[in-house]
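This report describes the pockets of one protein model and the residues that line them.

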Amino acid sequence: MYEQLYAIPIDVTSCFADRKDSALLVFDKEFYIPNRVSSAVHFRVLYQIFNLIENSGLDEHRYKVKYSKLVRSQLDEDELLLLRYNCWSRYGEQMRKYVNQYNLLKHLPVLSLQEFRFWHNEVITDKIQQNALDTELISQKKFISRFFSGYSNSITTLESDVTEKYKLIISRSSDNKQFTYTLRRLDNQNDKYPVDNALTTLGNMHTINFLTDCLHELLEYSNFCIFNNSLEYESSVKENKDRKITDFTIIVKSNVSIVLNYKDYLSRAPEQMSGPTPMS
């Protein structure tokens with residue numbers, strides 16, 4: 001499905017928010033309206049399934065999460081893609097709550113999004129590299145989400161080896177209002193895996209811009225700017241030739257604590273809500 005959407009041009013040079021709006025217009029005009037009869041039924045059924053799970057009265061940890069994961073596992077990448085854009089449209093606003101609550105877009109590859117069309121069509125065109133990079137980014141999304149919600153406040157920095165050539169270093173302030181993402185490249189290591197080849201294809205400036213887009217999607221747009229909104233981004237590329245490393249660093253700042261899951265969002269004080277309260 002995303003190949004069909006990619007055939008419709010959007011302005012890839014605009015900011016991420018404008019690209020989202022352009023992609024949504026394409027979704028509305030080229031997919032939803034022409035296929036309204038069949039697509040609307042699909043989205044309504046999916047909404048009713050999660051509405052039933054949520055209001056079933058079943059134990060959340062034993063049954064609700066289990067059933068939601070079962071349904072989520074049946075959604076392929078095309079369906080996840082369409083679900084995301086439908087929720088961004090006015091037709092799917094009520095579904096946003098369940099998408100966030102049950103993390104339905106957990107396995108959506110970012111390179112399938114219209115907002116990433118430039119990276120997909122013009123930079124990383126090799127299919128194996130695309131798949132490798134998408135797989136790595138999904139893994140990083142899980143890692144970062146666990147970092148914000150699954151660790152004690154005393155742990156403010158974590159590292160993870162991506163490959164022998166790349167290391168991910170993430171840190172946050174004690175109040176979660178600042179998040180630092182660093183992808184460290186060991187410049188004395190050769191490319192060994194497809195994800196290495198993909199990052200080499202991006203090069204220095206493309207890499208920092210691509211990673212910034214990824215954080216926009218992870219922190220804001222994948223949750224429809226409900227969890228976090230109006231974040232500030234600072235990016236830099238620092239080469240240390242003596243240590244033979246290059247750091248791609250993005251610092252994200254927020255006026256309220258950054259959250260990446262529905263429960264943490266609901267635990268915020270009402271005055272700290274960064275977006276509209278999800279519909280019930």
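A pocket is here an open set of grid points, where a 1.4 Å probe fits, with protein on both sides within 12 Å along at least five of seven lines; its lining residues have an atom within 4 Å of a point. The model is a predicted one.

**Largest pocket**

The largest pocket is lined by 29 residues. Those nearest its centre are Asn 100, Gln 101, Tyr 102, Asn 103 and Asn 261. Four helices each supply at least two residues of this lining: helix 4 (60–72), helix 6 (96–101), helix 8 (127–149) and helix 10 (262–267). Among the contributors, helix 4 gives the most to the lining of the largest pocket.

**Second largest pocket**

The largest share comes from helix 3.

| Pocket | Volume | Lining by class | Helix giving the most |
|---|---|---|---|
| Largest pocket | about 830 Å³ | 9 nonpolar, 10 polar, 10 charged residues | helix 4, 7 residues |
| Second largest pocket | about 190 Å³ | 7 nonpolar, 3 polar, 2 charged residues | helix 3, 4 residues |

Notes
Residues numbered from 1 in each chain as written. Predicted model: local features only at pLDDT ≥ 70, side-chain atom pairs only at ≥ 80, totals over all residues. Heavy atoms only, no water. 1 Å grid on protein atoms, 1.4 Å probe; cavity = no way out; pocket = protein on both sides within 12 Å on 5 of 7 lines; lining within 4 Å. Points joined across faces, edges and corners; volume = space filled by probe spheres on them. Nonpolar A, V, L, I, M, F, W, Y, C, P; charged D, E, K, R; others polar.
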